[in-house]
Amino acid sequence: LWGGTTPSGFDCSGYVQYVFRQSGITLPRTTTEQYKVGSYVSKANLQPGDLIFLQNTYRNGISHVGIYIGSGKMIHASSSKGVVISDLSSSYYTKHYYGARRVI
């Protein structure tokens, strides 16, 4: 749900913000602002809980965020399927991968 920040409807950054808030961690609302938080993490050093950012999905620039859950996968709010787990090695995610941040 575009602009959604609750379990009745999430967008990607709203989902990430909600999940982290459940653990007492405050994050900004948008993907662009969330990318400014924490520290850079290389793809080779990802750990569960790291934020994964994609670029040029539905608009130019950073446009999607999810949470790394290990084993090369992330959980995120999809615009068409709700909250899903996706494999970062798929061609779509490889093509759009922008970077990762560690906030915990």
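Here is a short tour of the sheet, its helix and the cores.

This is a predicted model, where local features need pLDDT of at least 70 and side-chain atom pairs count only at pLDDT 80 or more, while totals for chains, interfaces and linings use all residues. Residues are numbered from 1 along each chain as its sequence is written, and side-chain values use heavy atoms, leaving out hydrogens and water.

Start with the strands (DSSP runs of E, at least two residues, numbered from the N terminus). Six of them form an open sheet in the order 3-8-4-5-6-7, with antiparallel pairing (pairing takes at least two DSSP bridges between two strands). Select strand 3 (39-41) and strand 7 (82-87): each has a single partner strand, so one side of each lacks a neighbour in the sheet.

Next, pick helix 1 (12-21); helices are DSSP runs of H or I, at least four residues. Helix 1 packs on the sheet and touches strands 4, 5, 6 and 7, where contact means heavy atoms within 4.5 Å.

Then show Y15, V16, F20, L51, F53, V65 and I67, the residues with the most contacts inside the largest nonpolar core, which has 14 residues. Such a core joins buried Ala, Val, Leu, Ile, Met, Phe, Trp, Tyr and Cys through side-chain atoms within 4.5 Å; buried means under 20% relative accessible area with a 1.4 Å probe, protein chains only. Helix 1 gives the most to this core, four residues.

Finally, select V41, L54, L88 and Y97, which are among the 10 residues of a second, separate core.

Key
Buried means under 20% relative accessible area, exposed over 50%, partly exposed in between (1.4 Å probe, protein chains only). Axes are lines fitted to C-alpha atoms, for helices over the stretch in contact, and angles run from 0 to 180 degrees between N-to-C directions.
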